[in-house]
Amino acid sequence: MAAARRCWCVVNNPRISTPVGLRSLSTAQVLASGHNRWSKIKHDKIKIDAVRSKERAQWSRSIQEAVKKNGGDPTSNSELSTLVAQAKKSGFPKDLIERAIAKGKGLSLSGDPLQTITVEAMLPPSVSAIIECQTDNKKRTLEDLRLLLKGAGGMITPTSHLFDRKGHIMLESKGELEEEQIMEHVIEAGALDMELGKDRRSLSVYTNPNEMASIAQSLSASLGLNMGSSEIIWVARPEFVVDMEEAEEEPRLALDEIISKLQCSLISALSPAKGEIGQIEGDSSVQAVYHNAV
């Protein structure tokens with residue numbers, strides 16, 4: 001240690017020249033360590049934000065579904081009342097709850113009717129996506145999305161030919177479901193595919209879009225299951241699926257980050273003051289993000 005201190009003094013004393021062949025102490029390792037620490041913090045934050053965004057998107061979707069089924073008044077809609085209470089308890093902001101209720105009615109917070117628009121895009125790294133939005137200002141929403149995608153290295157471009165439109169039905173049971181017992185009913189009803197939830201109390205069924213309503217009613221009656229939700233979705237064709245499991249961490253995190261921003265329904269745009277990407281509070285145009293990464 002004494003030798004090391006002597007070398008440091010020789011190198012840093014302006015009145016003494018550095019002897020030939022003497023190497024100065026390097027701080028590169030310290031900088032690298034700091035960089036790695038910041039990188040880890042950033043990566044952890046992206047993962048946490050992605051989880052939070054997904055949770056918020058699920059709350060918003062559930063509230064909208066409840067409003068569509070039984071109206072937007074929590075006093076006369078028990079399902080909505082329960083969802084609102086649970087959402088508040090989980091930390092879902094009040095303004096987003098109000099926005100979700102309005103969207104369930106097909107209105108913006110100001111009471112203007114909403115338009116549905118579909119945006120096709122490529123996300124980094126080479127992931128195809130379809131973004132569905134509801135907005136009272138189509139031009140603004142398209143511009144916001146374009147800026148967000150550009151800032152993340154993506155772009156708006158045709159991708160729908162890589163996906164199929166399918167009906168998606170969610171059915172719920174009070175007890176555990178047996179796959180073999182329900183498969184017969186699912187096939188007989190004319191469904192394309194099915195998937196049991198991890199808790200074996202929920203059932204996802206995929207159908208042709210024009211057969212979704214009739215199959216939902218048939219399965220609910222024959223299996224004695226409660227209807228959770230039903231919607232038309234985009235499903236990536238198997239031959240175009242992008243496997244991200246073996247991709248490097250940076251591309252996976254970049255994809256997680258942009259999808260979480262979209263799913264959170266907080267569209268990003270260029271800040272006029274700083275010229276940097278920032279979130280616009282109160283703009284909840286994005287309804288769903290479908291992509292072909294697994």
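In this tour, contact means heavy atoms within 4.5 Å. Axes are lines fitted to C-alpha atoms, for helices over the stretch in contact, and angles run from 0 to 180 degrees between N-to-C directions. Helices (H or I, at least four residues) and strands (E, at least two) are DSSP runs, numbered from the N terminus.

The model is predicted: local features need pLDDT of at least 70 and side-chain atom pairs count only at pLDDT 80 or more, while totals for chains, interfaces and linings use all residues. Residues are numbered from 1 along each chain as its sequence is written, and side-chain values use heavy atoms, with hydrogens and water left out.

**The whole chain**

Of its 294 residues, 35% count as buried, that is, under 20% relative accessible area, with exposed over 50% and partly exposed in between (1.4 Å probe, protein chains only). Among contacts between residues at least 6 apart in sequence, 64% join residues at least 24 apart.

**The open sheet**

Next, select β5, β6, β4 and β7. These 4 strands form an open sheet in the order β5-β6-β4-β7, with antiparallel pairing; two strands pair if DSSP finds at least two bridges between them. The edge strands are β5 (193-196) and β7, each pairing on one side only. From one strand to the next, the twist averages 20 degrees.

Walk across the sheet from β5. It is joined to β6 by 4 bridges, and Glu195 has Ser204 in β6 as its bridge partner. Strand β6 (residues 202-207) pairs with β4 over 6 bridges; here Gly167 stands opposite Thr207. Strand β4 (residues 163-172) then pairs with β7 (residues 226-236) over 10 bridges, where Lys166 has Ile233 as its partner.

Helix α7 (residues 212-223) lies across β4, β6 and β7, at about 25 degrees to β4. Helix α6 (residues 179-189) lies across β5 and β6, running at about 155 degrees to β5.

Stay on β7 and pick Ser229. Ser229 counts as buried, at 18% relative accessibility. Not counting residues up to four places away in sequence, Ser229 touches Glu65, His168, Ile169 and Met170.

**Helix α2**

Move to helix α2 (residues 28-70) and select Ala57. Ala57 is buried, with a relative accessible area of 10%. Which distance separates Ala57 from Ser260, C-alpha to C-alpha? The two are 9.3 Å apart in space and 203 residues apart in sequence.

**Helix α5 and the cores**

Now select helix α5 (residues 138-151), whose 14 residues reach 20 Å from first C-alpha to last. That is close to the 20 Å expected at 1.5 Å a residue, the expected span being 1.5 Å times one less than the number of residues. Its buried residues are Thr141, Asp144, Leu145, Leu147, Leu148 and Leu149. Gly153, which follows α5, has a positive phi near 85 degrees.

From Leu145, proceed to the largest nonpolar core, which has 19 residues. A nonpolar core is a set of buried Ala, Val, Leu, Ile, Met, Phe, Trp, Tyr and Cys residues joined through side-chain atoms within 4.5 Å. Leu123, Ile131, Leu145, Leu255, Ile258, Leu262 and Val286 touch the most other members. At least two residues of this core come from each of β1 (115-123), β2 (127-135), α5, α8 (249-263) and β10 (286-291). Finish at another core, apart from this one, of 15 residues, among them Val186, Ala191, Met212 and Leu219.
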